[in-house]
Amino acid sequence: YRLARLETPEGDAGGIVVVSPGTDRLAVVSSVLGEPPEGTRYVCLLDRSGTRTKVGYMRWEPTSAGGGMAYWAGDAEPSDLGTAGDVFIVQLDTPDAQPALVGEFQG
C-alpha cells in the first residue's frame, strides 16, 4: 500500500490516505474535520508538481461521540496516485478555500 498521513495547518494529526497498489483504489478518513456549511462539501485534491486535480468529494457524517467522520473511497485517479512527492489536499469546495488537511506520499 501507499500511505499519506494528513495533517492540519497547525501540524496536528488529521487523518490518513491509503492507496491499494493491486487495485488502484484509495480510502481517505478523517475525524478532525468539522461539519461543512450547508450546501458545501470537502473536496480531495492531488497536487503533483504544482498541478492540482480533483480526486473526489468526502462525505461527512455525525458520530455518537458528538463529532464527525469525513471519508471517501474510490478509484485512484490517476492510477499511479501516491507516488513519492504527491501531495494530497482536503479543503472545502469553495472559491479561495485554504487546505484543511495536507499529506505527502513518501514513496
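Tutor: In the hairpin formed by β1 and β2, 5 residues lie between the two strands, and G11 in the turn has a positive phi of about 90 degrees. The model is a predicted one. Within the pairing, A4 stands opposite V17 of β2.

A second hairpin is made by β6 and β7, again with 5 residues between the strands, and there G66 adopts a positive phi near 100 degrees. Strand β6 covers residues 59-62, and its antiparallel pairing with β7 comprises 4 bridges. In this pairing E61 is placed opposite M69 of β7. The side chain of E61 also takes part in a salt bridge with that of R59, with an N to O distance of 3.1 Å. E61 has a relative accessible area of 31% and therefore counts as partly exposed.

Most residues other than glycine have a negative phi, and most peptide bonds are trans. Against that background, D24 deserves attention, with a positive phi near 55 degrees. D24 is located in the loop between β2 and β3. Its relative accessibility is 25%, so D24 is classed as partly exposed. D24 forms a salt bridge with R2, and the closest N and O atoms are 4.0 Å apart. This pair connects distant parts of the chain, since R2 belongs to strand β1 (residues 2-7) while D24 sits in the loop between β2 (13-20) and β3 (25-30), a separation of 22 residues.

S49 is another residue other than glycine with a positive phi, near 55 degrees. This residue lies in the loop between β4 and β5 (51-57). At 77% relative accessibility, S49 is exposed because the value is over 50%.

D47 is found in strand β4. Its relative accessible area is 16%, so D47 is buried, the limit being under 20%. The D47 side chain reaches the backbone nitrogen of G50 at 3.0 Å. Apart from neighbours within four places in sequence, D47 is in contact with R52, G85, D86, V87 and I89.

R48 forms a salt bridge with D80, with the closest N and O atoms 3.1 Å apart. R48 is in strand β4 (residues 42-48) and D80 in the loop between β7 (68-75) and β8 (87-92), so the bridge ties together parts 32 residues apart in sequence. Both partners are classed as partly exposed because R48 has a relative accessibility of 26% and D80 one of 35%. The pair belongs to a network of salt bridges that links R48, D80 and D86. D86 is also among the residues in contact with D47. Across the whole structure, the search finds 6 salt bridges.

A cis peptide bond joins E77 and P78, with omega of about 10 degrees. P78 is placed in this loop, between β7 and β8.

β3 and β7 run antiparallel and are joined by 6 bridges. V28 has W72 in β7 as its bridge partner. The largest nonpolar core contains 21 residues, and those with the most contacts inside it are L26, V28, V55, M58, L81, F88 and V90. Two or more residues of this core come from each of β1, β2, β3, β4, β7 and β8. The largest share, 3 residues, is provided by β4. V28 illustrates the packing: leaving aside residues up to four places away in sequence, V28 touches L6, I16, V17, C44, M58, A70, Y71, W72 and F88.

Notes:
Residues numbered from 1 in each chain as written. Predicted model: local features only at pLDDT ≥ 70, side-chain atom pairs only at ≥ 80, totals over all residues. Heavy atoms only, no water. Buried < 20%, exposed > 50% of the residue type's maximum accessible area, 1.4 Å probe, protein only. Pairing = 2+ DSSP bridges. Core = buried A, V, L, I, M, F, W, Y, C linked by side-chain atoms within 4.5 Å. Contact = heavy atoms within 4.5 Å. Polar contact = N/O pair within 3.5 Å; in protein donor to acceptor, adjacent residues only side chain to side chain.
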